[in-house]
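These are my notebook entries on a structure that I wanted to go through by element and by contact. I set down what I looked up, in the order in which I looked.

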Amino acid sequence: MKNFNWLALGFLAPALIVITVFFLAPVILTGIFSFTSMSTSTGVTGGEYLLNQSGLRALADKGLNQVTLDQLNNAGYVVDEQGLAALAEKHGTATADEMRKLHDNGQFSARRDMERALKDLKANKIRSTKDRKAAAELFKHSLLNERFEAEANFRVALVEGDIPIEDHEIIVTQAYTGWVWTVDNVKLLFSLPSTLRYAGNTLIYVTLTLIFNIGFGLFLAITTFYLPAKSASTFRAIWFLPRILPPVMYVLLWKWLTWDTGFIATTLSWVGVAPKNWMLDTSTHAWVVVVLINGSFGASLGMILFSSAIKAIPSSILYSSEVDGANRWQQVRYIILPHLRWPILFVTSYQTLSLLTSFEHILLSTEGGPGRATEVWSLAAYHIALDNYGGNLQYGLGATFAVALVIIGIIASLFYLRFFNFNEMVAKPKIEG
Amino acid sequence: MQITLQNFTKTFDDVTVIEDMNLTVKDGEMLALLGPSGCGKSTTLFAICGIHRVNGGKILFGDRDVSDLPSQKRNVGVVFQSYALYPHMNAYENIAFPLKVRKDKPADIKRQVHEIAKLTHIEELLERKPGQLSGGQQQRVALARALVRKPDILLLDEPLANLDAKLRLEMRAEIRRIQLETGITAILVTHDQVEAMSMCDRIALMHDGKIVQLDKPSEMYNNPANKFVADFLGNPPITFLDAKHQGDLLVLPNGHEIKNPKLAASIQSLQVGIRPECFGPQFGTGIKGVVKFIEKQGREELFDIELTDGSQLRSIQPSGADLSIGDDVDWGLSLDDLLLFDLQGERL
Ligand SMILES: Nc1ncnc2c1ncn2[C@@H]1O[C@H](COP(=O)(O)OP(=O)(O)OP(=O)(O)O)[C@@H](O)[C@H]1O
Ligand SMILES: [Mg+2]
């Protein structure tokens, strides 16, 4: 490393740090989270060991044999110090001492047996059946609903409960309440029917918005190119408004336009159309609004890039096409559009990636509705991980959705590079290095 | 087709570039629009092909007023100063473009492109993009594109500017041959007088947006309308001496006297233009001076002679004169070829 340039590293260091902290770290963390079962119920730190009824059901589903299940389910009875202490509290130390003498460490699987053992008490009889039943309950020793801080303690309890050793592993796994490493998220992603729905929605959303974006951007750039300079810039400025407005305000304008008491509804009510919410009325309406909101927002980027690219075309080439007899349309088709190939590639790929990941306008307008008609992938990831109706935020599953989106984005970029013959374009540098 | 400019005026914002220009290019003629850089040659051309709208006057093709016709409808072939080839199309597509937008049949397009490519000697270059062609090759592609749809008028804006001397000579002949063969009316814009004189039937010499003289090349050289024309034409250029008119004698600043009975008596002071080929030993003696500078041009040699009073004359001689800098000479003038101008520069 003789030529290693420390100075260069010094200059790069801030950038590297920023990239690492603000870009790489979140991506890597998301990648990591996607292979965990993190959710609100597991928390993000460690957990405890707790077996409850739903845990038992899950174990049954996983094929744990019925005998072990019964063992876990049915309370066992053990005469231990804990139980004796409780007995002493209720019926006096003498009773407890006698019980210890008679049945220390005695184990009984059925309540009847435990009660019978209590009947053995001679000096300190517990006379009423009801009291005896209650006393038996004091010695009840079950794994169900009992919290264990550490795994070792839980395992000890399993051994004490005479659970067959070969079943321990599966029970311990089930009983753990913290997050664990898992590929279940990925499996779930591929098996949930809603995944397909989100994917389909995303495809519709990205495709339609892109078409609108690029098409409208091109239209604006080309028409303003042929307009006199002054009206052209006024016209362009109008389409910058959506960019300048805060998204919340911008979407609010749309809402105001489409509410059931909004502009459209009010205006149409004058001609006898019953007022309705024009945004959330049907899924078609919702889609139209979503595409229009995002499209008008995005069109200005294409417009400005295409405009400057058109201005960069040497005027002699445009002149020459005119004397060659090309009309406006032919000029656009054969001269201007070929010159816009690069900016179109750029805007298309850039917009695809940003549309794939951006959901703020949908969140603010339809919130994925009506139903889940406009729930796109990134919005779903947000809902799953950060804003769940059920209340159980599934960070792990959400992260998996996000990672899938990253992968889709990468595939999309590769596709674009191929499709637009990127290699051919960059193969020959204009200036030989 | 005859081209007529009537009181043609062109302004950019508030700058008047061309004012009241009148010009007629005869049918089948090749006319050179000659003039120094910035005098408005390209502007005139752009107005003729319809890229620029005229601000005043008329442009007629034949009897048809085309002043308000868009360029698409004028059927004019143009070779631009910068070629203006379409960078994303190869040579074939470039040449085919005017036919394609005219919606000719593909087979026809192919035939015509190959015909014109043959005429301009670029058949083997048709697959290349403009970026892969040399300046001269681009030039010929541009020429082919201008000619391919058989325009009524051909406009060439300095088409040979980027060529080397040899190719330029070839292309001059080539363009002239093609023009004569097709019988097309052509305007050649140039600031190279040799090009204008060797290629064209007539020359229109422009200066500051005006045509100062329109004539046959030889006529313009021998009989310039004013000092500007005399100065602009001729390489090496003409030299001027201040002279006095006394009786029927012209007195040069070095005291040399020339008999000249034709001049009006009212003229006291004037300028005498002397071309380099009109001064030398073959014209006798009487003008004494010192050789200040010698430029060898191969076949010929150019001498700068400082006369006794300090004024300078230029002389061009066949190579072989045994002179070096500092030598004294005593040469004469070809009296018939002297050009006389008044102090405003108008020809006397
Ligand atoms: N679009 C324009 N706007 C303003 N002035 C212009 C414009 N085009 C040309 N001019 C001016 O008009 C004058 C004539 O320009 P033109 O291009 O016709 O010169 P030219 O004779 O072709 O010169 P060259 O030999 O250098 O090509 C110049 O002074 C130029 O600055
Ligand atoms: Mg020019």
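Which residue with a positive phi follows H5(A)? I found that H5(A) is followed by Asn105(A), whose phi is positive, near 65°; helices here (H or I, at least four residues) and strands (E, at least two) are DSSP runs, numbered from the N terminus.

Before going on, I noted that this is a predicted model, in which local features need pLDDT of at least 70 and side-chain atom pairs count only at pLDDT 80 or more, while totals for chains, interfaces and linings use all residues. Residues are numbered from 1 along each chain as its sequence is written, chains are lettered from A and ligands numbered from 1 in the order in which they are written, and side-chain values use heavy atoms, with hydrogens and water left out.

**Entry: helix H5 of chain A**

I looked up which residues of helix H5 (residues 93–103) of chain A are buried, and the list is Thr95(A), Ala96(A), Glu98(A), Met99(A) and His103(A). Buried means under 20% relative accessible area, exposed over 50%, and partly exposed in between (1.4 Å probe, protein chains only). Viewed down the axis of H5(A), the buried residues fall within an arc of 165°, so they line one face of the helix; the arc is that of the directions from the helix axis to the C-beta atoms. On the other side of H5(A), I noted Thr93(A) and Lys101(A) as exposed.

I then asked what covers the buried residues of H5(A), and the answer includes helix H4 (81–91), strand S2 (107–108) and helix H6 (111–119) of chain A. I took Thr95(A) in H5 of chain A as an example: Thr95(A) counts as buried because its relative accessibility is 4%. Leaving aside neighbours within four places in sequence, Thr95(A) is in contact (heavy atoms within 4.5 Å) with Leu87(A), Leu121(A) and Asn124(A).

**Entry: where chain B meets chain A**

I looked up the interface next and found 24 residues of chain B in contact with 17 residues of chain A. The two chains bury about 1,700 Å² between them, 61% of it on carbon and sulfur atoms; buried area is the accessible area (1.4 Å probe) that two parts lose on being put together, summed over both.

How many salt bridges are there between chain B and chain A? The count is 1, where a salt bridge is a side-chain nitrogen of Lys or Arg within 4 Å of a carboxyl oxygen of Asp or Glu. Arg145(B) forms a salt bridge with Asp324(A), with the closest N and O atoms 3.5 Å apart.

On the side of chain B that touches chain A, the elements giving two or more residues are helix H1 (41–49), strand S6 (76–79) and helix H2 (91–101) of chain B. The largest share of that side, 4 residues, comes from H2(B).

**Entry: salt bridges within chain B**

Over all chains, the structure holds 15 salt bridges. Glu29(B) and Arg202(B) meet through their side chains in a salt bridge (2.4 Å, N to O), and this pair links distant parts of the chain, 173 residues apart, with Glu29(B) in the loop between strand S2 (15–25) and strand S3 (30–34) and Arg202(B) in strand S9 (residues 202–207) of chain B. Glu29(B) counts as buried at 6% relative accessibility, and Arg202(B) counts as buried at 14%.

Lys166(B) forms a salt bridge with Glu170(B), the closest N and O atoms being 3.2 Å apart. Because Lys166(B) and Glu170(B) are 4 residues apart in helix H5 (residues 165–182) of chain B, about one helical turn separates them. Lys166(B) counts as exposed at 60% relative accessibility, whereas Glu170(B) counts as partly exposed at 41%.

**Entry: backbone geometry in chain B**

Most residues other than glycine have a negative phi, and most peptide bonds are trans. With that in mind, I noted that the peptide bond from Asn235(B) to Pro236(B) is cis, with omega near 0°, and that Pro236(B) lies in the loop between helix H8 (227–232) and strand S11 (239–246) of chain B. Asn7(B), in strand S1 (residues 3–12) of chain B, has a positive phi near 45°, and Asn7(B) is partly exposed, with a relative accessible area of 40%.
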